[in-house]
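Biologist: I am new to this structure, and I would like to go through the terms used for it one at a time. Could you begin with how its parts are named?

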Amino acid sequence: MLSWRNVLKTNQYSVTQRSRKINHVGGSHGVSGVFFKYDLSSILVRVDEVHRPFWQFLVRLCGIVGGIFATSGEMTNVILILYVYSDWLRTVFLQVCFIHLLDFL
């Protein structure tokens, strides 16, 4: 198999921001300022990058192209059917609307 793998070892960090309003009238007290709290934890993230062979790329590409052709063919058939039967649908729709219009009057 003609695939290769790259492994990257890295660490993950996160930041949390908190703020609150101090209202002395409402009974909330505190000291204004900027405080930093560091909480270090040992989390190691391992990222594996796997490259697939070229023939697998070609197989997937052929599947995508085939799906596009099949979908466009179906859409063409639906549009053609609507175009061919558009006169018939228009006359039936107008007859139904005219009948309901006469019932309304």
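Modeller: A helix here is a DSSP run of at least four residues, numbered from the N terminus, and tryptophan 88 is found in helix H2. Please keep in mind that this is a predicted model.

Biologist: What makes tryptophan 88 count as exposed?

Modeller: Exposed means over 50% relative accessible area, and because tryptophan 88 has 53% relative accessibility, tryptophan 88 counts as exposed.

Biologist: How do the residues lining the second largest pocket divide into nonpolar, polar and charged?

Modeller: There are three nonpolar, four polar and two charged residues in that lining. Arg counts as charged, and Arg18 and Arg20 are among the lining residues, together with others including Ile22, Gly30 and Phe35. The space in this pocket is about 210 Å³.

Biologist: What pattern does the protein follow along the sequence, and what share of its residues is buried?

Modeller: The protein has two helices and two strands, which follow the pattern β-β-α-α when read along the sequence. Buried means under 20% relative accessible area, and buried residues make up 1% of the 105 residues in the protein.

How values were computed
Residues numbered from 1 in each chain as written. Predicted model: local features only at pLDDT ≥ 70, side-chain atom pairs only at ≥ 80, totals over all residues. Heavy atoms only, no water. Buried < 20%, exposed > 50% of the residue type's maximum accessible area, 1.4 Å probe, protein only. 1 Å grid on protein atoms, 1.4 Å probe; cavity = no way out; pocket = protein on both sides within 12 Å on 5 of 7 lines; lining within 4 Å. Points joined across faces, edges and corners; volume = space filled by probe spheres on them.
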